[in-house]
Amino acid sequence: MAVPASIEAAVAAASRPYQLPAGFRPSYGTAGFRATADLLDSTMFRCGILMAARALKTRQITGICITASHNPAPDNGVKLVEPSGEMLCQEWEAYANELANAQSDEELASQVAGLLAKEGVAAPGAGTVMIGHDTRPSGPGLAAAAAAGVRCLGLEAQMCGLLTTPQLHWMVMSRNRGEPCGEGDYYAALAGAYKQLVAGSTSLGQTLYMDCANGVGASKMRELAAHLADAGLAVDLRNTGEGVLNGGCGSDFLQKDRQLPANFGDVPPGARCCAVDGDADRLMYFTPLEGGSHALLFDGDRIACLSAMLLRDLISALPPAAAQGVRVGIIQTAYANGAASRYIRDNLGCAVEVTPTGVKYLHEAAHHYDVGVYFEANGHGTVLFSRAFLEQMKQLSGKSRAAAELLALGVVVNQAVGDALSGILLVEAALRRKGWGLGQWAALYADLPSRQLKVTVADRTVIVTTDAETRVAEPRGLQDAIDAAVAGAPRGRSFVRPSGTEDVVRVYAEAESQAAADDLAAAVARLVHAQAGGVGPAP
Ligand code: 16G
Ligand code: MG
């Protein structure tokens, strides 16, 4: 398709205030672009153009979330939202990289023209891109840059202001489905479905303490909690914005250090606590341990197990003909603790599938089941229901309470993307329906001790992995050496992979004892350093 010369001129002119900083080479990582905020004006402008083009191509609404998630406050970034509410399709990631790295206004304009021609899309055209941001001070300015990009293809930029990442994903999904899609609709939908799930069960009684990472989750959970005032869920919000975003708090801090977050010193040991990250798409439960500053974690693996149990209970209560043959799959990454995977397989009888790290891979795999449960150990995840399964439940819901409850679960759990706020309701409903405290949840299985390390190498792309990152294909010989190290550790397992978000190689090891896991991780880190061009002293 011929692209009018005027669109090239319009893009080049609109691009002038948004120059690529000299030497900056943005790269679309696992979940979008991330960098210090002052570098990102041009990236946002160009992502605006990209998502406008995507909206024109699909003839539906797309979205842009401005956030750097659990990264430090001076950083920012962008996550791009498909019309389905899912993350940008992988085929378009190449365009994102190409546009973000154009070296001049003219080069950008010609790339945009090329993209439009290749995709058979006419611009200027009509459509909408929804734009939201987290609490970072750089958010509104970067959102304005993205909006300028959207408008230069003639589309409307709908400024949605402060939102959690999953809220924006949910709003885009709902709007394209023609369903109620405002922020208020989100709270009403989640809270209403939660009440349906817990009707008839007794409140857990104790307060849920929530670490909001000083991020957007604080004000949004406050609104959700207001809708739950009559549902027996009392929430005490901590780190609501008075301190540094993700500083000494939040799900990432908790998972890395297993230390209590800031402002939890007065919370009694055994209390039910949870933590989210800076954009509220990751969730961890935890409890303070006796006599110290440490926390016992209930990570994504445990949330997956609890979700699978809830599903098993509900599915087994369906009329037998409907219960038969429901395909439930649990999707994990290599980071899943071996004890959790074993529990799911042996005790819950569910299929376990392993994908590479990154929500987009797990999410895609979850679509292959009637009900796909996916959680990364770090707390990203959700439960996806297939359209056919939901339709079947709708047919049954008049005569089967379990079917109606499964439908409600599909509303509580964000179907677009992993969502910490909806995850909280999932966990709370599952515990409450069983009448369980944290003790029973913890007793499902005992984690194998594990250790994670980082190794800095000259070029992390020399490490090429295979089998969902569980094995190294290159450099040759490294996997054999890792295998030999693992063979010496009781119940040992280890893998290495280049990070998608940091310039390091990550090492994971688990074994029967903490000392054995530590030793195995150190041994494997030394192998990586020696065979993959380690920088600095050997670990
Ligand atoms: C990103 C991913 C997360 C993954 C993590 C791995 C999304 C939304 N987020 O945060 O899924 O676990 O990267 O980081 O996809 P790494 O590659 O540095 O280990
Ligand atoms: Mg996040």
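**View 1. Arginine 282 is buried in this predicted model, with a relative accessible area of 3%.** Buried denotes under 20% relative accessible area, exposed over 50%, and partly exposed the range in between, computed with a 1.4 Å probe on protein chains only. Arginine 282 is located in the loop between E8 and E9; strands (E, at least two residues) and helices (H or I, at least four) are DSSP runs numbered from the N terminus. The side chain of arginine 282 makes a polar contact of 3.5 Å with the side chain of glutamine 255. A polar contact is a pair of N or O atoms within 3.5 Å; within protein, one atom must be able to donate a hydrogen and the other to accept it, and residues adjacent in sequence count only if both atoms are side-chain atoms. In this predicted model, local features need pLDDT of at least 70 and side-chain atom pairs count only at pLDDT 80 or more, whereas totals for chains, interfaces and linings use all residues. Residues are numbered from 1 along each chain as its sequence is written, chains are lettered from A and ligands numbered from 1 in the order in which they are written, and side-chain values use heavy atoms, with hydrogens and water left out.

**View 2. Ser69, Asp277, Asp279 and Asp281 coordinate the magnesium ion (ligand 2).** The donor atoms are OG of Ser69 and OD of the aspartates, at 2.0 to 2.1 Å. Donors are N, O and S atoms within 2.8 Å of the metal (3.2 Å for Na, K and Ca); water is not among the atoms, so sites may look incomplete. Along the chain, the donors of the magnesium ion (ligand 2) are spaced as S-x207-D-x1-D-x1-D. Serine 69 lies in the loop between strand E2 (62-66) and strand E3 (75-81), and aspartate 277 in the loop between strand E8 (273-276) and strand E9 (283-288), so the pair ties together parts that are 208 residues apart in sequence. Serine 69 is buried, at 1% relative accessible area, and aspartate 277 is buried at 0%.

**View 3. Ligand 1 is surrounded by 13 residues.** Glu376, Ser499, Gly500, Thr501 and Arg506 are the closest; a residue is near a molecule if one of its heavy atoms lies within 4 Å of it. Oxygen atoms of ligand 1 lie 2.5 Å from a polar side-chain atom of glutamate 376, 2.5 Å from a polar side-chain atom of serine 499, and 2.6 Å from a polar backbone atom of glycine 500. Of the 460 Å² of accessible area that ligand 1 has on its own, the protein covers 93%, with areas from the Shrake-Rupley method and a 1.4 Å probe.

**View 4. Serine 69 and asparagine 239 have positive phi values.** Phi is about 50° for serine 69, although this residue is not a glycine. For asparagine 239, which is likewise a residue other than glycine, phi is near 55°. Asparagine 239 lies in the loop between strand E7 (235-238) and helix H9 (251-257), and is buried at 2% relative accessibility.

**View 5. The peptide bonds from alanine 123 to proline 124 and from glutamate 474 to proline 475 are cis.** Omega is near 0° for the bond at proline 124 and near 0° for the bond at proline 475. Proline 124 is in the loop between helix H4 (105-119) and strand E4 (128-133), while proline 475 is in the loop between strand E17 (471-474) and helix H18 (478-487).
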